[in-house]
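Please open the model in a viewer and keep the selection tool at hand. The tour below moves from one selection to the next and states what is found at each stop.

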Amino acid sequence: MQNTELKKQIHETRQGEQHEHLERKLKTRHLSMIAIGGTIGTGLFLASGTTIHDAGPGGAIAAYVIAGIMVYFLMASLAEMAAFIPISGSFSTYSSRFVDPAFGFAVGWNYWYNNAIILALELSASSLIMKYWFPHVPGIIWSASFLVIIFLLNILSVKGYGEAEFWFSIIKVATIIIFIVIGLLMIFGIMSGHAGGFSNLTEGEAPFKGGILSIFSVFMVVGFAFQGTEMVGVAAGESENPSKDMPRAIRQVFWRILLFYVLAIFIIGCLISYKDPNLLSSDITNIAISPFTLVFKHAGLAFAAAAMNSVILTSVLSAGNSSLYVGSRVLWTLAEERKAPAFLKKVNKSGVPYNAILATTVIGMLCFLTSLFGDGTVYNWLLNAAGLAGYISWLSISITHLRFRKAYKIQGKNMKDLPYVAKWFPFGPILATVMCLIATLGTNYSAFLGSKIDWYGILVSYIGLPLFLAGYIGYKVIMKSKIVPLKDADFSRE
């Protein structure tokens, strides 16, 4: 009896420390913009051109709609769990509670690693973007400067991250709204002196160039573009009112994806032929021919390239800012759960896990430095290893939600007590699981289709899978963890 009471006191003390140190300073507007900001970035501003070129305007729209449906079900699953149990560890903690501690360990480290690599990627991208204005300044100066800014935004307070992300997202949203308005005016001939019309939607092989296989190949690219939406689940642990804020933020994601992505792709498809070779060059090294820039130039806006360069730089800084925030929170949670060194769970008076932030910053910086030496082979391997990490994290959300709901019912809990109930259960998470598996396994399906299998391409593309499995199996063997019985699943809340 005394032993049971002691365990209860220890548990309550740890919960109290967590509540005291992780201060809830993120407001509704922060969460809403974190949710939408995570989906708007270079995937829309740049990669959209390649998707239209490869699959035609209709194929690109179909791929974005399919990916949007998958993301909606994933975010609905995350919202149900995060609104009821708002924890900074989010889906890695849920994976430990409702599936297997080994699964949670692998998911947590996988997601932390993913964000550390994304931080390195954004540092590289920022230096390339700045060459547009300052071609003779060494790129490492810009990367170092932006790293300091991102670090300071995160180390001062969680509100600093929230405010920065709010304004970054505002800039991105405003750009898309302006683009949509100008694009529609051009299509109907109100602007630029002639009607853009809809002829580009049906020319040649359009609207569906290459058929179903092209849509499938584009779906892989689109899936990566949407990665980041899950960040709002991690932010729930520091939200002022997660039971209300989380469902509201998640509900907005799907409709904004439809509005921003699908309408933007439709406008690009109307105004630019899918045969236009410029669409293939829409990468971060040549902002001047981003599909958004092309449309603005057709509208007679001469400053389009410089303006879009600024917006894309904002997107890059936003992604780096979010990656450092999310990576540090996941690492802090791993330390809290004794799955990472204990010093990583220390926080300052503002409730910021400074050691976790510092560790994530250092790893991101070291990964970035690998791109500066040799031929960048190490850096490319790191990026490919991180490429599948987003899909693995998404898989963990849908799988965990299925067990969360089953455990909830088996333990006799009332569905009315859930602040948010995901619709279309269990169809939603099952469909999301299948789609994530397809996207994961089909990342480089073309390597299997040639007359000779491209084993090197397969190794580079799928290196993330064995790393994840190594973490899962290693923890399971060493810690002897078992799958959590549904009747014993932990639903404790802060």
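**First stop: a charged pair**

Select K339 and E337, whose side chains meet in a salt bridge with an N to O distance of 3.6 Å. A salt bridge here is a side-chain nitrogen of Lys or Arg within 4 Å of a carboxyl oxygen of Asp or Glu. Side chains of opposite charge can pair when their charged atoms come close. K339 counts as buried, at 9% relative accessibility, whereas E337 is partly exposed at 25%. Buried means under 20% relative accessible area, exposed over 50%, and partly exposed in between (1.4 Å probe, protein chains only).

The model is predicted: local features need pLDDT of at least 70, side-chain atom pairs count only at pLDDT 80 or more, and totals for chains, interfaces and linings use all residues. Residues are numbered from 1 along each chain as its sequence is written, and side-chain values use heavy atoms, with hydrogens and water left out.

**The whole chain**

Of the 494 residues, 57% count as buried. Among contacts in the chain with a separation of 6 or more, 81% are accounted for by residues 24 or more positions apart; contact means heavy atoms within 4.5 Å. The chain exposes about 20,300 Å², with carbon and sulfur atoms supplying 68% of that area. Accessible areas come from the Shrake-Rupley method with a 1.4 Å probe, and for residues only the protein chains shown count as cover.

**Two further salt bridges**

The count of salt bridges comes to 5. Select E80 and R405, where the closest N and O atoms are 2.7 Å apart.

Next select R97 and D490, a salt bridge with its closest N and O atoms 3.8 Å apart. Because R97 lies in helix α5 and D490 in the segment after α19 (464-479), the pair ties together parts that are 393 residues apart in sequence. R97 is buried, with a relative accessible area of 14%, while D490 is partly exposed at 31%.

Select V99, in the loop between α5 (91-98) and α6 (101-130). Is V99 buried or exposed? At 12% relative accessibility, V99 counts as buried. Leaving aside residues up to four places away in sequence, V99 touches Y94, I399, T400, R403, K482, I483 and V484. For T400, the C-alpha atom is separated from that of V99 by 6.3 Å, although the two residues are 301 residues apart along the chain.

**Within helix α6**

Continue to S126, which lies in helix α6. S126 is buried, with a relative accessible area of 1%. Which residues does S126 touch, not counting those up to four places away in sequence? They are S143, F146, L313 and V316.

**Last stop: a positive patch**

Finally, show the surface and select K244, R248, R251 and K423, which form a positive surface patch. Patches are made of residues with over 30% relative accessible area and no salt bridge, with like charges joined within 9 Å. Of these residues, R251 is placed in helix α11 (residues 242-271) and is partly exposed, with a relative accessible area of 43%.

Note on methods
Patches are made of residues with over 30% relative accessible area and no salt bridge: like charges are joined within 9 Å, nonpolar side chains (Val, Leu, Ile, Met, Phe, Trp, Tyr) within 5 Å. Lys and Arg count as positive and Asp and Glu as negative; His and the chain ends are not counted. The place of a charge is taken as NZ of Lys, CZ of Arg, CG of Asp or CD of Glu. Helices (H or I, at least four residues) and strands (E, at least two) are DSSP runs, numbered from the N terminus.
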